[in-house]
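Here is a request for a careful first look at one structure, taken topic by topic. Please keep the sequence and the 3D view side by side while you read.

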Amino acid sequence: EWSGMLSALFYSLGTALDRLEVLGQPCSAGSGSCTEQSIEAYRRALEHDPEHALARHALAAHVADESVKTAPREYVTALFDDYASSFDESLEALEYRAPALLAAALAPLLKGGSGGGGGGVPLR
């Protein structure tokens, strides 16, 4: 159905414009700031599909709609699903080392303190 496809297209445009804003990149797809253009894109998405939960939440966040108390389940699910494929790369870029540091700190305790290293369980 065209409505659903157009709604998805405008939602994708809104999220792309939001990313440009966060990255400090210029928006050349019309007049106004990236934020103004993304708000318009989310409104257009909702014109084609008023039940589009992600567009509804994004628009509410941009216009500070105080009636919205929590993000809809669909939004949270999509956010985590989209991020899952690049999560490990993000941790590497942040030089996240907590598990390795914890394993190193606990290694003597897990080896039973005998110094032989045979009684411990490896941490992953």
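Two residues are said to be in contact when heavy atoms of theirs lie within 4.5 Å. What you see is a predicted model, in which local features need pLDDT of at least 70 and side-chain atom pairs count only at pLDDT 80 or more, while totals for chains, interfaces and linings use all residues. Residues are numbered from 1 along each chain as its sequence is written, and side-chain values use heavy atoms, with hydrogens and water left out.

**The chain as a whole**

- The protein chain has six helices and zero strands, where helices (H or I, at least four residues) and strands (E, at least two) are DSSP runs, numbered from the N terminus.
- Of its 124 residues, 21% count as buried, a word that here means under 20% relative accessible area, whereas exposed means over 50% and partly exposed lies in between (1.4 Å probe, protein chains only).
- The chain exposes about 9,200 Å², of which carbon and sulfur atoms supply 58%; such areas come from the Shrake-Rupley method with a 1.4 Å probe, and for residues only the protein chains shown count as cover.
- Among contacts between residues at least 6 apart in sequence, 35% join residues at least 24 apart.

**Helices α1 and α2**

- The two helices pack at an angle of about 165 degrees, with their axes 8 Å apart; axes are lines fitted to C-alpha atoms, for helices over the stretch in contact, and angles run from 0 to 180 degrees between N-to-C directions.
- Angles under 35 degrees count as roughly parallel, over 145 as roughly antiparallel, 65 to 115 as roughly perpendicular and the rest as oblique, and α1 and α2 are therefore roughly antiparallel to each other.
- On the α1 side the residues that meet α2 include Leu6, Phe10, Leu13 and Leu17, and on the α2 side the residues include Ala41, Tyr42, Ala45 and His48.
- By class, this contact of α1 with α2 has ten nonpolar, eight polar and three charged residues, where Ala, Val, Leu, Ile, Met, Phe, Trp, Tyr, Cys and Pro count as nonpolar, Asp, Glu, Lys and Arg as charged, and the others, Gly among them, as polar.
- Trp2 belongs to helix α1 and, at 65% relative accessibility, counts as exposed.
- Although Trp2 and His48 are 46 residues apart in sequence, they are 8.5 Å apart in space, C-alpha to C-alpha.

- Why is helix α3 (residues 53–62) largely enclosed by the rest of the structure? Seven of its ten residues are buried, so the remainder of the structure largely encloses the helix.
- Those buried residues are Ala53, Leu54, Ala55, His57, Ala58, Leu59 and Ala60, and they pack against α1 (2–23), α2 (34–48) and α4 (73–84).
- His52 lies in the loop between α2 and α3 and, at 13% relative accessibility, counts as buried.
- Leaving aside its neighbours within four places in sequence, His52 is in contact with Ser7, Ala8, Tyr11 and Leu46.
- Just after α3, Ala64 takes a positive phi of about 55 degrees.

**Helices α3 and α4**

- These helices pack at an angle of about 95 degrees, with their axes 8 Å apart, and that makes α3 roughly perpendicular to α4.
- Ala53, Leu54 and His57 in α3 meet Glu74, Tyr75 and Ala78 in α4, and the residues of this contact divide into four nonpolar, one polar and one charged.
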